[in-house]
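Trainee: I'm new to this one, and I'd like to learn how to read it. Could you walk me through it?

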Amino acid sequence: MDGNGRWARERGWPRLKGHEQGAVNVEPVCEACIAEGVEYLTLYAFSTENWKRPAHEVSGLMLLLERFLADKVAMMNRNGVRLRTIGRTADLPGPVLKRLERAIADTAHNGRLTLTLALNYGGRDEIVDAIRAIAREVAEGRIMPDGITSETISGHLYTANMPDPDLLIRTSGEMRLSNFLPWQLTYTELHVTQVLWPDFGPAELREAIADFGTRDRRFGGAVENPITAATA
Ligand code: IPE
Ligand code: MG
């Protein structure tokens with residue numbers, strides 16, 4: 001969800017105004033996902049690197065998150081949205097964590113859209129945490145080193161039980177992954193838009209999905225050339 005700061009700067013406003021508008025955007029984008037049949041939406045809301053921002057911006061983001069969690073449970077229940085998180089959420093401020101746990105519990109029964117907030121999320125940290133967990137199981141003799149497969153690793157990531165993303169949407173024109181889901185994005189289609197996150201709405205989501213629909217996904221495989229196949 002990139003570009004909040006630039007969106008605010010274009011208007012001569014403080015960065016937090018951009019974050020506020022970015023938070024407003026989540027509801028229409030969730031509803032558009034449901035209308036389009038998307039079952040999993042994962043939003044990169046706060047990275048492990050974002051703590052480096054000025055203290056007032058970090059506390060502003062945390063307050064915004066706390067308010068979002070308090071205000072949006074009704075919307076989530078109305079739309080069948082189940083909330084979950086990925087990241088080292090235990091390090092979030094106490095009041096945010098409390099709201100988060102409550103919102104997760106209050107929406108656990110929903111099944112139309114799984115909305116995952118990446119909070120204090122870092123892709124490399126996620127892999128580190130998975131390796132630690134697997135190493136513990138190896139040390140306890142529950143897994144043999146040669147028994148570790150790609151599925152073992154997927155199953156120990158924060159995203160265990162979630163499918164790998166089909167589509168990554170990157171707003172504000174940045175051409176990098178920024179430590180987001182490095183393991184899971186291996187075969188994900190990328191859609192980069194110049195639109196800043198606060199301006200990203202249902203129309204932009206539909207455009208991204210239409211772009212995704214034009215992709216020929218081979219997952220490293222190949223299909224026979226039609227002419228050769230016809231004459232074989
Ligand atoms: C939002 O956009 C990302 C969050 C951490 C919430 P930015 O704050 O990175 O916006 P830009 O990149 O300065 O425009
Ligand atoms: Mg940014």
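Predicted model: local features only at pLDDT ≥ 70, side-chain atom pairs only at ≥ 80, totals over all residues.

Trainee: Where does T85 lie, and is T85 buried or exposed?

Mentor: T85 lies in strand β2. For burial, you look at the relative accessible area and check whether it is under 20%. T85 comes out at 17%, so it counts as buried.

Trainee: Okay, then how do I read the sheet around β2? Which order do the strands have?

Mentor: Here's the general idea: strands of a sheet pair through backbone hydrogen bonds, either parallel or antiparallel. In this model, three strands form an open sheet in the order β1-β3-β2, and the pairing is parallel. Its edge strands are β1 (40-47) and β2 (81-86), each of which pairs on one side only. Neighbouring strands here are turned by 20° against each other on average, direction ignored.

Trainee: How many bridges join β2 and β3?

Mentor: Six bridges, in the parallel sense, with β3 covering residues 113-121. To see one of them, find I86: its bridge partner in β3 is A118.

Trainee: What about helices? Which strands does α4 lie across?

Mentor: Helix α4, residues 55-71, lies across β1, β2 and β3. Look at its direction too: α4 runs at about 155° to β3.

Trainee: Now the inside. Which residues have the most contacts in the largest nonpolar core?

Mentor: That core has 32 residues, and the ones with the most contacts inside it are L41, L69, L83, L115 and L117. Next, ask which elements supply it: α3 (26-36), β1, α4, α5 (73-79), β2, α6 (94-106) and β3 each give two or more residues. Take L41 as a case. Not counting residues up to four places away in sequence, L41 touches V29, C30, C33, L113, T114, L115 and T116. There is also a second, separate core of nine residues, including Y44, Y158, L181 and L185.

Trainee: And the ligand? Which residues surround ligand 1?

Mentor: Begin with the list of surroundings: M1, D2, G3, N4, G5, R6, R15, H19, A45, N50 and R53. Then look for polar atoms facing each other. A polar side-chain atom of D2 lies 2.9 Å from an oxygen atom of ligand 1. In R15, a side-chain N or O atom is 2.8 Å from an oxygen atom of ligand 1.

Trainee: Let's zoom out. How many helices and strands are in the chain?

Mentor: Ten helices and five strands. The C-alpha trace spans about 65 × 50 × 35 Å along its principal axes, and 41% of the 232 residues count as buried. Finally, of the contacts with a separation of 6 or more, 74% come from residues 24 or more positions apart.

Conventions:
Residues numbered from 1 in each chain as written. Chains lettered and ligands numbered in written order. Heavy atoms only, no water. Pairing = 2+ DSSP bridges. Helix = DSSP H or I, 4+ residues; strand = E, 2+ residues; numbered from the N terminus. Axes fitted to C-alpha atoms, helices over the stretch in contact; angles between N-to-C directions. Contact = heavy atoms within 4.5 Å. Core = buried A, V, L, I, M, F, W, Y, C linked by side-chain atoms within 4.5 Å. Buried < 20%, exposed > 50% of the residue type's maximum accessible area, 1.4 Å probe, protein only. Near = heavy atom within 4 Å. Polar contact = N/O pair within 3.5 Å; in protein donor to acceptor, adjacent residues only side chain to side chain.
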